[in-house]
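Subject: Handing over a structure, with notes

Dear colleague,

I am passing on the structure below and would be glad if you kept it open beside these notes while you read.

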Amino acid sequence: MGVSNGDLEISITYAAVGEVMSRWERVELELATLFSTFEGTPRDDACIKAFGAKNRIFRDRLRSAEDAAKAYFVKHPNQDHEGEFRAICADLLKQSDIRNNIAHSIVYPVTFKDQGTTAYQLRTPWYAYDKLSIKKQSGWCSNEIAQISNGFRPLAQRIRDLNIGLGGMPALYRTPFWQ
């Protein structure tokens, strides 16, 4: 539970950070699986693994997926699917900035003198502040982190739905196994 803009228990903040990072990894796994479809080897473990191995930065992985998609849509033209992929890429870029801020922040105790208590927030350290694209002076509490985390879930589902639409996954995979 939060006080003002913080969590009374540090474990709550840490749990929220773990959840959001895990949900982002689900987004990236769905993108890697879609990449394997674009490459002509749907759900191929070696292709999925290579996608991450050769592109260590997310923007490079996304660029690799975009390049594979261009070649794919030349061979298999479908404006609806191509448009959805472009929209997903735009959303991925925005969401990756948020994920980056979270990944490069720390859980920090904050004293709320007006409330007479100390609570915990996820805060960007000052040394990294200027490097990050989202400038947030105050920290995030678990409720705010949960909202971000919940935004990653439909993004992963959109990627999965596109992959199903392209034939890269059987329709029985429409219902995700994650919560």
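The notes that follow take up a helix pair, a group of aromatic rings, a hairpin and one arginine.

Please bear in mind that this is a predicted model, in which local features need pLDDT of at least 70 and side-chain atom pairs count only at pLDDT 80 or more, whereas totals for chains, interfaces and linings use all residues. Residues are numbered from 1 along each chain as its sequence is written, and side-chain values use heavy atoms, with hydrogens and water left out.

Helices (H or I, at least four residues) and strands (E, at least two) are DSSP runs, numbered from the N terminus. Helix 3 (residues 58–75) packs with helix 4 (residues 79–103) at an angle of about 175 degrees, and their axes are 11 Å apart; the axes are lines fitted to C-alpha atoms over the stretch in contact, with angles running from 0 to 180 degrees between N-to-C directions. Helix 3 is therefore roughly antiparallel to helix 4, a term used for angles over 145 degrees. Where the two meet, with contact taken as heavy atoms within 4.5 Å, the residues of helix 3 include Phe58, Leu62 and Phe73, and those of helix 4 include His81, Phe85 and Leu92.

The structure holds 7 aromatic pairs, counted when ring centres of Phe, Tyr or Trp (its six-membered ring) lie within 6.5 Å, and called edge-to-face when the planes are over 60 degrees apart. Phe38 and Phe85 form an edge-to-face pair, 5.0 Å centre to centre with 85 degrees between the planes. Because Phe38 lies in helix 1 (residues 10–38) and Phe85 in helix 4, this pair ties together parts that are 47 residues apart in sequence. Both Phe38 and Phe85 are buried, which stands for under 20% relative accessible area (1.4 Å probe, protein chains only). Tyr72 and Phe73 also form an edge-to-face pair, at 5.3 Å centre to centre and 85 degrees between the planes. Ring pairs link Phe38, Tyr72, Phe73 and Phe85 into a cluster.

Further along, strand 3 (residues 106–112) and strand 4 (residues 117–123) run antiparallel and are joined by 7 bridges, where pairing asks for at least two DSSP bridges. Pro109 stands opposite Tyr120 in strand 4, and in the hairpin, with 4 residues between the strands, Gly116 takes a positive phi near 65 degrees.

Finally, Arg23 is found in helix 1 and counts as buried at 14% relative accessibility. The C-alpha atoms of Arg23 and Asn150 are separated by 8.3 Å, although these residues are 127 residues apart along the chain.

Note on methods:
Angles under 35 degrees count as roughly parallel, over 145 as roughly antiparallel, 65 to 115 as roughly perpendicular and the rest as oblique. Rings of Phe, Tyr and Trp (its six-membered ring) pair if their centres lie within 6.5 Å; planes under 30 degrees apart count as stacked, over 60 as edge-to-face and the rest as tilted. Buried means under 20% relative accessible area, exposed over 50%, partly exposed in between (1.4 Å probe, protein chains only).
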